Amino acid sequence: KRLEGEILAFTTDLQAVTLSSEQSANIGRCQSVVRDAIHSSKNLKDVQSDLEAIGNEPQDAVSAYGSRFRDTAAAFYEALLTIKRSAEHSIGLEDFANLKALNDRLHEELHGAIYNDVRADRISERQISALLNVNRELFNSNRAIISALAGFLLEEAAMEAVEALEPVRSS
């Protein structure tokens, strides 16, 4: 919140300065990128207590989700780092489409697993809420990171195309 406040104060100060339309557009784009990055970190922070509670549950079915969430996050961030490390090509729309598809797939897989455990009566109603909340917030955090990176790395038209990509739904 402090960082977000500093950025807002900075952009407010910039309004007193005469800027070209290109400079103004670049500042607006940077604000959007920072806002998305902050939303991503807030989503992760918001589930900290749920993750701690899940990790302390006595039932194996519930406590195992702590590892599953960690593995899901690791898979997403590994894909993100793989794109960054790739020197073969510049990062483009296809890379972001693949990241979005991966995020969608990981979310759907965990969502399905949670509901399978609900149907098998392995988790309680209270636990269902915490598990679904963590899964949703991980998904939203990843979406915000994708949006921030697209805003930073892609041209405006490609960035808008990334935002317009429909979620991939498993059959």
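## Arg136 and Glu137

Arg136 has a relative accessibility of 39%, so this residue counts as partly exposed. The model described here is a predicted one. Arg136 is paired with Glu137 in a salt bridge, in which the closest N and O atoms are 3.6 Å apart. Glu137 has a relative accessibility of 13% and therefore counts as buried, since the cut-off for that class is under 20%.

## Overall fold

The chain has seven helices and zero strands. Its pattern along the sequence is α-α-α-α-α-α-α. The chain has 171 residues, of which 35% count as buried. Among contacts with a separation of 6 or more, 74% are between residues 24 or more positions apart.

Arg143 is part of helix α6, and its relative accessibility of 43% makes it partly exposed. Glu163 is 20 residues away from Arg143 along the chain, and the C-alpha atoms of the two are separated by 9.4 Å.

## Helix α4

Helix α4 covers residues 60-85, which is 26 residues. At 1.5 Å a residue, a helix of this length should span 38 Å, and the C-alpha atoms at its ends are 37 Å apart, so the two values agree.

The buried residues of α4 are Val62, Tyr65, Gly66, Phe69, Thr72, Ala73, Phe76, Leu80 and Ile83. Among the elements that cover these buried residues are α3 (48-55), α5 and α6. Thr72, one of the buried residues of α4, is also one of the residues lining the largest cavity.

## The cavity

Rolling a probe the size of a water molecule over the atoms shows where empty space is left. In this model the count is one cavity of 30 Å³ or more. The volume of the largest cavity is about 40 Å³.

The lining of the largest cavity consists of Thr72, Asn103, Leu106, His107, Asn135, Leu138, Phe139 and Asn142. Helices α5 (93-119) and α6 (125-153) each contribute at least two residues to this lining. The greatest contribution comes from α6, with four residues. Sorted by class, the lining has five polar residues, three nonpolar residues and no charged residues.

## Salt bridges

Side chains of opposite charge can pair when their charged atoms come close. The model has three salt bridges, and the pair of Arg136 and Glu137 described above is one of them.

Another joins Arg105 to Glu109, with 2.8 Å between the closest N and O atoms. Arg105 and Glu109 are four residues apart in helix α5, which means that about one helical turn separates them. Arg105 is partly exposed, at 42% relative accessibility. Glu109 is also classed as partly exposed, with a relative accessible area of 43%.

Which residue meets Asp117 in a salt bridge? The partner is Arg122, and the distance from N to O is 2.6 Å. Is Asp117 buried or exposed? At 9% relative accessibility, Asp117 counts as buried. Arg122 has a relative accessibility of 42% and so counts as partly exposed.

Technical notes:
Residues numbered from 1 in each chain as written. Predicted model: local features only at pLDDT ≥ 70, side-chain atom pairs only at ≥ 80, totals over all residues. Heavy atoms only, no water. 1 Å grid on protein atoms, 1.4 Å probe; cavity = no way out; pocket = protein on both sides within 12 Å on 5 of 7 lines; lining within 4 Å. Points joined across faces, edges and corners; volume = space filled by probe spheres on them. Nonpolar A, V, L, I, M, F, W, Y, C, P; charged D, E, K, R; others polar. Expected span 1.5 Å × (residues − 1). Buried < 20%, exposed > 50% of the residue type's maximum accessible area, 1.4 Å probe, protein only. Contact = heavy atoms within 4.5 Å. Salt bridge = Lys/Arg side-chain N within 4 Å of Asp/Glu carboxyl O.
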